Every structure is written in C-alpha cells, then in structure tokens.
Amino acid sequence: VFFLQIVHILNMTSAKIVSFLLHPEESLHSLQNRIEFETGISTGNQELLLETGICLDPRKPASQCVIDGVRGWDSYMVYLFDKSKTVYDGPFASRSLSDCVNYIVQDSKIQLPIPQLRKVWAEAVHYVIGLKEDYSRLFQGQRAAMLSLLRYNANLIKMKNNMVSASQQLKAKLEFFQQSIRLDLERYSDQMAYGISSEKMLKAWKEMEEKASQCAQAEDIGYLDEQIMALHTEIVELQKSPYARRQGEVMESLEQRAIDLYKQLKTRPPDHAYSDSTDMVKIIVQTVQSQDRVLKELFGHLSKLLGCKQKIIDLLPEIEVALNNIKEADNSVMQMQGKRQREIWHLLKIACTQSSSRSLVSSSLEGTASTPAATWLPQSSSGNAAPHPLSSLAAPEDGENFADVIRENVNYLELFSSILQEVRQEQNSMMVS
C-alpha cells in the first residue's frame with residue numbers, strides 16, 4: 001500500500017514554498033526536474049538540504065525527503081539553495097494580506113460591529129502568526145546551511161590533517177636522504193684517490209641531490225595552511241554570531257499580544273457596539289517591520305555561510321593537488337634512495353673483489369720474497385717485464401728492495417681494508433636507522 005507523501009520545498013533564494021506530491025518510486029532527478037520547472041533553478045545548481053544539513057543523495061529515490069514516524073504526513077520541509085549564488089539579498093516580500101485585513105490596515109480607525117470585527121481580527125492574528133512562522137522556517141533553512149558548512153569543514157579538516165601528515169613524512173625522508181647523500185659524496189671524494197671512481201655515478205648522485213632540493217618544494221603547504229586557518233577562524237566567528245541564533249523574540253511577543261487582544265474582543269458581548277482596529281493594526285505593522293529587520297540580518301548571515309562554504313569547495317581541489325605532489329615527491333625520494341643504495345652495494349662488491357685479488361697477490365709475493373725477480377715476473381717475447389696489476393709496484397731496475405715494495409703494498413691494502421670496514425659499518429647503521 002502506498003501512502004501519499006507530500007514534500008514542501010522552501011526556496012531560500014525567494015523565501016517561497018513549493019509543494020509536491022511524490023509519485024511511487026519517483027527518482028530524485030524526476031523531482032528536481034519538477035523543482036526546476038517551478039523555481040527556474042536548474043537541476044545542476046540545485047542543492048537540496050534536510051534540516052540536519054545532509055544533502056539529498058541522487059542515487060536514492062525522492063522519498064528520502066520523508067522520514068517515517070517523525071512528523072505528520074504533510075509536514076516535511078526540504079531547503080533549496082542555488083549553488084550558482086552565494087549572496088542572498090532579497091528583497092523578500094512579506095506574505096500578502098487578505099482583503100478584510102488590508103481593509104483595516106488602510107484605515108485603522110474605521111468602526112466595525114463587534115461580530116464582524118472578531119472575524120477580521122481572527123484573520124489578523126493568523127497573519128501575525130504566519131509572519132513569525134515564515135521567519136522560523138527561513139531560520140531553519142539557515143541552520144541547515146550552517147550544518148552543511150560544518151560537514152564540509154569536517155571534510156576539510158580531515159584532508160588538511162592528511163596533507164600535513166604527508167608533508168611531515170616527506171620532510172623527514174628528505175632530511176634523511178640529503179644527510180645521507182652528503183655523507184656519501186664526502187666519503188666517495190675521500191677514497192677517489194686510492195679507491196674506486198665512477199664519473200657517471202658521481203654525476204648521478206649530484207643530480208639526485210639537486211632533485212631532492214626540488215622535491216622539498218612539495219612539502220611547502222604553508223600557503224594552504226594559512227587559508228585553511230583563516231577559514232576556521234571565519235567559521236568560528238559565524239557560529240558565535242548572534243545572527244546564528246533565533247531572532248524571533250520580538251515577533252513572538254507581538255504574536256502573543258495579538259492573541260491576547262483577540263481574546264479580549266471575544267469576551268465582549270455581541271451587542272450593537274462598534275469598535276476600531278487601531279491596536280491590532282499597530283501589532284500588524286510592528287510585526288511586518290520586525291520581520292523585515294530579522295530577515296535582512298538572517299540573509300546577510302546566510303550569505304556569509306554560503307560564501308565560506310564556497311571557499312571550502314574551491315580549496316578542496318587545491319589540497320588534493322598538494323597531496324598528489326607530496327606523494328609523487330615521496331615516491332621520487334624513495335626511488336632515489338633505493339637506487340643509491342643499490343649503487344653503494346655494487347661499489348662494495350667491486351671493492352671486495354679487488355680486495356680479494358690483492359690479498360692473493362700479497363700472499364704470493366710474501367711466499368717468494370727471497371726469490372730473484374727474474375724467476376717470478378713473466379717475461380715478454382722481447383725480454384721486458386709485463387705490467388703488474390698493483391700500480392705502486394716498482395720495476396726491478398729501480399734497484400729497490402722487493403721486500404720494501406711488498407711492505408708498501410701490504411700497508412696500502414690494510415688502509416683500503418679499513419676504509420671498506422668503515423663503509424660497511426656506515427651502511428649497516430643506515431639500514432638499522
């Protein structure tokens with residue numbers, strides 16, 4: 001069984017209500033098309049908010065406007081905003097007077113019989129109550145806009161925290177990388193004269209150092225942080241504003257006065273007496289003036305809310321871009337770190353290989369230190385000695401003692417071995433940290 005569902009749409013741009021009977025299983029898009037026809041606000045610019053500030057979900061049916069078991073079957077209100085506007089400045093005309101109420105407003109001193117006056121004043125009281133209720137509904141729409149703003153702000157805070165966390169991680173990785181590569185370049189320069197050298201690798205490491213400096217630009221999110229903090233301050237001020245609270249006390253007081261005045265008239269005997277409407281007309285005029293004032297304040301505050309919300313909407317893509325830049329820089333730093341460590345381990349492999357080969361040569365030389373040079377140096381066809389892999393080894397004709405030459409090479413080997421040990425220890429400490 002399908003129960004009739006009526007939804008009332010309060011157009012916050014015009015302060016007018018349009019009502020729709022919902023069809024069974026009607027989609028939200030279908031309802032929005034009908035709203036566009038009635039209000040002139042295109043479906044793309046419509047923002048439909050519930051009292052809680054939740055935006056209607058286009059994937060769900062239009063019946064999401066109606067919350068079962070909370071209110072009467074025809075009392076559901078949805079608040080319509082135009083996303084193409086951030087300033088709602090009216091003018092908003094008060095609800096129109098009925099003919100009989102307009103009659104006494106035009107001439108409050110006109111004398112009417114008490115029975116007729118009762119009917120006219122009853123409509124006047126209804127009019128005053130209606131003005132107060134119009135304001136109350138518009139205030140509820142402003143409140144829905146505030147709750148929606150706070151939802152957007154919560155999302156902004158979440159994204160900001162993610163951005164700050166990612167930026168701090170990138171900063172820490174960059175500091176580690178830059179300190180590491182500076183140390184590597186220093187130690188590499190120290191051993192170039194007697195160790196391993198590679199111009200290609202040295203150039204690549206210096207390029208990594210420059211690229212790391214460029215990556216540091218991604219961690220600079222200060223300009224976004226300032227905008228977000230300014231927005232937070234603005235939102236707090238909007239929440240503290242007196243216009244964020246109901247301003248209908250004067251109208252409620254006037255409403256009670258109108259009711260009391262009508263009750264006094266009702267107790268008068270329905271004789272042939274006549275009376276004017278001066279007191280009731282004063283209440284009507286004061287209520288209209290009060291509504292004009294509070295609506296001006298309400299829509300001024302609402303415009304600030306919507307302007308603040310638009311700033312958040314504009315900021316979110318910028319934060320997304322900053323997050324992506326940080327992630328790309330982070331990946332780049334990690335790739336460079338991995339590449340450099342692979343190169344260091346490759347250098348270590350080469351150094352260990354050379355160390356082993358030199359150790360074998362040293363052992364061979366120590367075992368034949370007393371043998372004449374001619375018995376162990378390989379001879380070329382011309383009788384000249386072949387070059388030795390250890391460049392510091394002296395030629396026999398220099399007349400130096402072979403034992404001194406061997407000791408010199410052993411000293412060089414011990415020095416290089418100690419340097420290798422330092423490199424291994426530094427690499428282990430880097431891996432542990």
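Student: Is M163 buried or exposed?

Tutor: Buried means under 20% relative accessible area, exposed over 50%, partly exposed in between (1.4 Å probe, protein chains only). M163 has a relative accessible area of 0%, so M163 is buried. M163 sits in helix 3 (residues 114-191). Helices are DSSP runs of H or I with at least four residues, strands are E runs of at least two, and both are numbered from the N terminus.

Student: What should I keep in mind about the model and the numbering?

Tutor: This is a predicted model, in which local features need pLDDT of at least 70 and side-chain atom pairs count only at pLDDT 80 or more, while totals for chains, interfaces and linings use all residues. Residues are numbered from 1 along each chain as its sequence is written, and side-chain values use heavy atoms, with hydrogens and water left out.

Student: Which residues is M163 in contact with, leaving aside its neighbours within four places in sequence?

Tutor: Contact means heavy atoms within 4.5 Å. On that basis M163 is in contact with I221, L224, I228, I319, A322, L323 and I326.

Student: How many bridges join strand 1 to strand 2?

Tutor: There are 7, and these strands run antiparallel. Q5 stands opposite L22 in strand 2. Strand 3 and strand 4 (residues 76-82) are also antiparallel, over 4 bridges. There, E47 faces F81 in strand 4.

Student: Where do the side chains of strand 3 point?

Tutor: Q46 and L48 point one way, E47 and L49 the other. All of these are buried.

Student: Which residues of helix 4 are buried?

Tutor: They are M201, L202, A204, W205, M208, A212 and C215. Seen down the axis of helix 4, the buried residues fall within an arc of 160°, so they line one face. That arc is taken from the directions from the helix axis to the C-beta atoms. On the other side, E199, K200, K203, E210 and Q214 are exposed.

Technical notes: Pairing = 2+ DSSP bridges.
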